[in-house]
Amino acid sequence: MLRAMRAVFERDLRLSARSFGSSAMTVLFFLLALSLFPLGVGASPDLLARIAPGIIWVLALLAVLLSLERLFQADFDDGSLELMAQAPVPLELLILAKVCAHWLVSGLLLVLLSPLLAIMMAMPTETVWIVPASLLLGTPSLVLIGAIGAALLVGARAGGAFLALLVTPLMIPVLIFGVGAIDAGVMGLGSSVYWLILGAILLAAMAATPFAVAAALRLALE
Amino acid sequence: MHALANPLRFQRLVDIVLPWALAGLIISLPIGLYWVLAVAPADYQQGESVRIMYVHVPAAWMALFVYLVMATACAVALIWKHPVAGIVASASAPIGACFTAIALFTGSVWGKPMWGTWWVWDARLTSVLILFFLYLGFMALKDAFDDPERGRRAAAILAIVGVVNLPIIKFSVDWWNTLHQPASVLRWGAPTMDPSMLWPLLFMAVVFKLYYVVALCFRLRGELQAQRVTALRMAQSQAV
């Protein structure tokens with residue numbers, strides 16, 4: 001079972017390493033969209049530092065949404081999804097492996113890049129580390145929740161903005177507590193509640209979403 | 001439940017329920033409106049604008065109730081492949097979305113004179129807005145596939161996932177101390193509302209529920225007929 005999960009995991013990593021474009025696009029979007037804000041709202045450091053946590057989180061959410069669109073579609077088109085569904089291993093576990101691999105090439109890159117963005121947004125240097133920490137705990141939940149939408153839309157007529165309509169409502173709690181964790185940390189207030197809730201959301205998402213994703217994919221394969 | 005899986009039998013049930021619910025609605029709606037607009041007292045703080053509550057609160061309750069009905073029907077449809085439950089869910093969705101829109105709109109009309117703003121991003125308002133988007137997502141996903149059955153089942157999964165939002169809405173005013181007032185009817189201990197306002201409110205809740213039953217029956221009738229037409233057309237084209 002673990003071997004099958006590892007095989008899927010490594011396959012997905014290798015696939016995204018060979019076609020580096022898509023994850024590079026995610027990162028590029030993150031950076032490019034952020035650079036619009038100082039131009040749009042004005043480059044005053046006070047203002048930028050205040051809105052930085054929210055903007056970085058919203059952009060991370062949108063970047064994850066963008067990256068999710070093709071999560072299952074390619075496997076569905078070339079038939080490998082069918083093989084996974086018929087494997088003697090629960091589809092839920094293979095999905096978990098796929099989502100982990102996807103997070104490594106999308107969410108983790110955003111996490112690693114976010115301190116740079118926080119500095120670009122004039123956040124105080126000593127609090128910059130809070131941004132990647134909250135993204136580290138939050139983006140896996142975003143990918144897991146988004147995977148439900150990606151799976152539901154396999155084979156649908158529409159895509160793109162549709163995915164956003166389906167899953168952003170469910171992602172909003174992650175955003176609220178992710179930004180809350182940074183804000184409370186920057187202001188030096190007790191922020192442990194936010195971290196605990198972010199962690200709780202991640203654990204619940206890890207336990208529950210693979211079943212919804214698997215149900216949606218089986219539906220697509222019928 | 002399995003007895004109702006037969007669309008024809010279900011249609012007969014709808015035909016029996018509809019006249020009674022319709023009669024109940026026609027009788028109770030004027031009584032309810034008269035009660036809340038003329039008889040019920042004005043609030044000592046809010047004045048006459050408290051009457052918005054008699055529409056706002058039942059609509060918000062119905063927004064949650066209809067979602068619960070919809071999600072339950074979706075679960076039944078997925079688990080037992082119940083043919084009628086899926087129709088109940090898709091017929092309920094637009095009604096629930098309307099109730100949610102009414103709750104949001106009346107709340108905002110009430111908020112302007114009372115809070116001094118049309119909208120605040122407090123936990124209750126935001127989570128109800130999420131509910132509205134969930135309804136829209138459900139309806140859009142249902143129609144996003146060439147095969148209507150596929151769309152109905154994909155939307156069913158979304159509806160079940162969205163149930164996590166319901167307890168958040170219900171308890172948002174207790175968990176977060178925000179602008180929206182805390183629960184005053186469905187709470188531990190006695191309601192904190194005066195009986196002269198509580199009774200008309202509960203009566204309006206019943207009126208709203210009757211309206212839901214009536215609207216649902218009409219929509220169910222339409223959907224069942226549409227299904228029959230499709231089935232007959234298929235049979236005809238195969239015969240030729």
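This is a predicted model: local features need pLDDT of at least 70, side-chain atom pairs count only at pLDDT 80 or more; totals for chains, interfaces and linings use all residues.
Colleague: Fine. How many residues of chain B and chain A are in contact?

Modeller: Contact means heavy atoms within 4.5 Å. On that basis, 20 residues of chain B touch 22 residues of chain A.

Colleague: And what is the area buried between chain B and chain A?

Modeller: Interface size is often quoted as the accessible area lost when the parts come together. Here buried area is the accessible area (1.4 Å probe) that two parts lose on being put together, summed over both. For chain B and chain A that comes to about 1,800 Å², and carbon and sulfur atoms give 75% of it.

Colleague: How many salt bridges does the rule find across the interface of chain B and chain A?

Modeller: The rule wants a side-chain nitrogen of Lys or Arg within 4 Å of a carboxyl oxygen of Asp or Glu. It finds 1 salt bridge across this interface: R153(B) meets E222(A), at 3.2 Å from N to O. In chain B, α4 (123–142) and α5 (148–161) each supply at least two residues of the side that touches chain A. The most comes from α4(B), with 7 residues.

Colleague: Now away from the interface. Which residue forms a salt bridge with R14(A)?

Modeller: That's E10(A), with the closest N and O atoms 4.0 Å apart. For accessibility, buried means under 20% relative accessible area, exposed over 50%, and partly exposed in between (1.4 Å probe, protein chains only). R14(A) is partly exposed at 45%, and E10(A) is partly exposed at 32%.

Colleague: Which residues are linked in a network of salt bridges?

Modeller: R11(A), D12(A), D75(A) and K98(A). Take D75(A) and R11(A), whose side chains meet at 3.0 Å, N to O. This pair links distant parts of the chain, D75(A) in helix α4 (residues 73–78) and R11(A) in helix α1 of chain A, 64 residues apart. D75(A) is buried at 6%, whereas R11(A) is partly exposed at 25%.

Then there's D12(A) with K98(A), at 2.9 Å, N to O. Again distant parts are joined: D12(A) lies in helix α1 and K98(A) in helix α6 (residues 91–105) of chain A, 86 residues apart. Both ends are buried, D12(A) at 12% and K98(A) at 3%.

Colleague: How many salt bridges are there over all chains?

Modeller: The count comes to 11.

Colleague: Last one: which residues make the nonpolar surface patch?

Modeller: L4(B), L13(B), I16(B), V17(B) and W20(B), giving about 490 Å². Patch residues have over 30% relative accessible area and no salt bridge; like charges are joined within 9 Å, nonpolar side chains (Val, Leu, Ile, Met, Phe, Trp, Tyr) within 5 Å. The areas come from the Shrake-Rupley method with a 1.4 Å probe, and for residues only the protein chains shown count as cover. One of the members, L13(B), lies in helix α1 (residues 7–39) of chain B and is partly exposed at 36%.

Methods
Residues are numbered from 1 along each chain as its sequence is written. Chains are lettered from A and ligands numbered from 1 in the order in which they are written. Side-chain values use heavy atoms; hydrogens and water are left out. Helices (H or I, at least four residues) and strands (E, at least two) are DSSP runs, numbered from the N terminus.
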